[in-house]
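Welcome, and thanks for taking a look at this model with us.

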Amino acid sequence: MTTSFTHAVITGGAGFLGSHLCERLLASGTRVICLDDFSSGRRENVAHLLGEPGFRLVEHDVTEPWDPGRGAGRVDLVAHLASAASPVDYFSRPIATLRAGSQGTENALGLAGRHGARFLLASTSEVYGDPQEHPQPESYRGHVDPIGPRSVYDEAKRYAEAMTSAHRREYGLDTTIARIFNTYGPRMRPDDGRMVPAFLGQALAGKPLTVAGTGEQTRSLCYVDDTVGGLLALAGSGHPGPVNIGNPQERSVREFAEAINDLVGLGSPIGHVPAAVDDPCRRCPDITLAREQIGWEPEVELSDGLARTSAWFAARMPVADPA
Ligand code: NAD
């Protein structure tokens, strides 16, 4: 069963996933307040929504409390996405990342509690760390280094899950947790260090594709429309989570590089750079729970999703100077 919402607050709504979520909710008739401090998101991601009567953009840091005020009416969905999400971003802002997951989550839960709203936490497959069980079901408890450079993100999300679960138990809040696996699509930043924008930027510029390590490590990529569909199905389901939202088709990083190279067709060479610290070897969701409990599974084929993403990036590439 999918419930529709009348009034949603999306923290991190000007980011990659958040902007698509704002767009989908608006299209279904939900009024949307997008809260963002633009630390990794961009105004241009939501610029096309600014004229919509149901859309409001508020520049705000979620580590400070916020409420739309009585005049704005009751909020019935709070989706907490505000957090650095790419390694480039959380390596450069480690403390802010921990605070978005800790104080930011508590503030977003407080907002949901005051309004009696459904609360959706955008958690991550990173809570599984470098997994020793494969594929990863929600019951897997993870293999995380609590002090390594990635810990600021992984542990912030694990804390956010604990805080969300405690609010459910202690205050009876209607909460849910989505464990989102790698997602790609239009509006990713070309410089955010994630695999698809990095390979696409290189392939479209005819430069070598830089595969980290051997390239034998695996990833499972979900197209953004599918991920947002999963978040909405979970939000509307009444399920407490956590529920994995991702695409279970696992491929090696080298295979992704080759697929992108073939799609762009400029014949770039494939090179190698050192693997990042704590880079997981394998990452693949078990989505049995999502299929059975919220009736969701991804639909977009990799070739189709990559073609849509490549077209979006190509339209925004700087035009080469003919001189
Ligand atoms: P993103 O960086 O594009 O979006 C995050 C947004 O949060 C940005 O707009 C940023 O400006 C905002 N933000 C960060 N700190 C904030 C703060 N203190 N106050 C207000 N706004 C703040 O990243 P994304 O890929 O869209 O990820 C969105 C959410 O989904 C994150 O919580 C991330 O952990 C989760 N997630 C994403 C993926 C993925 O593959 N994209 C995978 C797993 C989990």
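How much space lies in the largest cavity? This is a predicted model, and in it the largest cavity holds about 80 Å³ of space. Of the 13 residues that line this cavity, Leu-35, Val-62, Trp-66, Asn-107 and Ala-108 are the closest to its centre.

**Enclosed spaces**

Let us stay with the largest cavity for a moment. Two elements, β1 (7-11) and α4 (103-115), each supply at least two residues of its lining. The largest share comes from α4, with four residues. Sorted by class, the lining of the largest cavity has seven nonpolar, five polar and one charged residues.

How many cavities of 30 Å³ or more are there? The count comes to two. About 30 Å³ of space lies in the second largest cavity. Its lining is made of His-80, Ala-82, Ser-83, Ala-100, Gly-101, Thr-105, Leu-121, Lys-157 and Ala-160. Here α3 (94-101) and α5 each give at least two residues to the lining. By class, the second largest cavity is lined by four nonpolar, four polar and one charged residues.

Next comes an open space. The second largest pocket contains about 180 Å³ of space. It is lined by 14 residues, and those closest to its centre are Asn-247, Pro-248, Gln-249, Pro-298 and Val-300. Seven residues of this pocket lining are nonpolar, two are polar and five are charged.

| Space | Volume | Lining by class |
|---|---|---|
| Second largest pocket | About 180 Å³ | Seven nonpolar, two polar, five charged |
| Largest cavity | About 80 Å³ | Seven nonpolar, five polar, one charged |
| Second largest cavity | About 30 Å³ | Four nonpolar, four polar, one charged |

**Around the ligand**

Which residues are the closest to the ligand? Leu-17, Asp-36, Ser-40, Tyr-153 and Lys-157 are, out of 28 residues that surround the ligand.

A backbone N or O atom of Leu-17 is 2.8 Å from an oxygen atom of the ligand. For Phe-38, a backbone N or O atom lies 3.5 Å from an oxygen atom of the ligand. Asp-61 takes part through its side chain, where an N or O atom is 2.9 Å from a nitrogen atom of the ligand. Taken alone, the ligand exposes 810 Å², and the protein buries 96% of that area.

Which elements give two or more residues to the shell around the ligand? They are α1 (16-27), β5 (118-124) and α5 (151-171). The most comes from β5, with three residues. Grouped by class, the shell has 12 nonpolar, 11 polar and five charged residues.

**Backbone details**

Although Phe-38 is not a glycine, its phi is positive, at about 60°. Is Phe-38 buried or exposed? Its relative accessible area is 17%, so Phe-38 counts as buried, the cut-off for that being under 20%.

Arg-187 also has a positive phi, of about 85°, without being a glycine. Its place is the loop between β7 (183-184) and α6 (195-204). Arg-187 counts as buried because its relative accessibility is 12%.

Where do the cis peptide bonds described here lie? One runs from His-134 to Pro-135, with omega near -10°, and Pro-135 is in the loop between β5 and α5. Another runs from Gly-241 to Pro-242, with omega near -5°. Pro-242 belongs to the loop between α7 (224-235) and β11 (243-245).

Helix α7 itself holds Thr-227. Thr-227 counts as buried because its relative accessibility is 0%.

Notes
Residues are numbered from 1 along each chain as its sequence is written. This is a predicted model: local features need pLDDT of at least 70, side-chain atom pairs count only at pLDDT 80 or more; totals for chains, interfaces and linings use all residues. Side-chain values use heavy atoms; hydrogens and water are left out. On a 1 Å grid over the protein atoms alone, a cavity is a set of points where a 1.4 Å probe fits but cannot get out, and a pocket is an open set with protein on both sides within 12 Å along at least five of seven lines; lining residues have an atom within 4 Å of a point. Grid points are joined across faces, edges and corners, and a volume is the space filled by probe spheres set on the points. Ala, Val, Leu, Ile, Met, Phe, Trp, Tyr, Cys and Pro count as nonpolar, Asp, Glu, Lys and Arg as charged, and the others, Gly among them, as polar. A residue is near a molecule or strand if one of its heavy atoms lies within 4 Å of it. A polar contact is a pair of N or O atoms within 3.5 Å; within protein, one must be able to donate a hydrogen and the other to accept it, and residues adjacent in sequence count only if both atoms are side-chain atoms. Accessible areas come from the Shrake-Rupley method with a 1.4 Å probe; for residues, only the protein chains shown count as cover. Buried means under 20% relative accessible area, exposed over 50%, partly exposed in between (1.4 Å probe, protein chains only).
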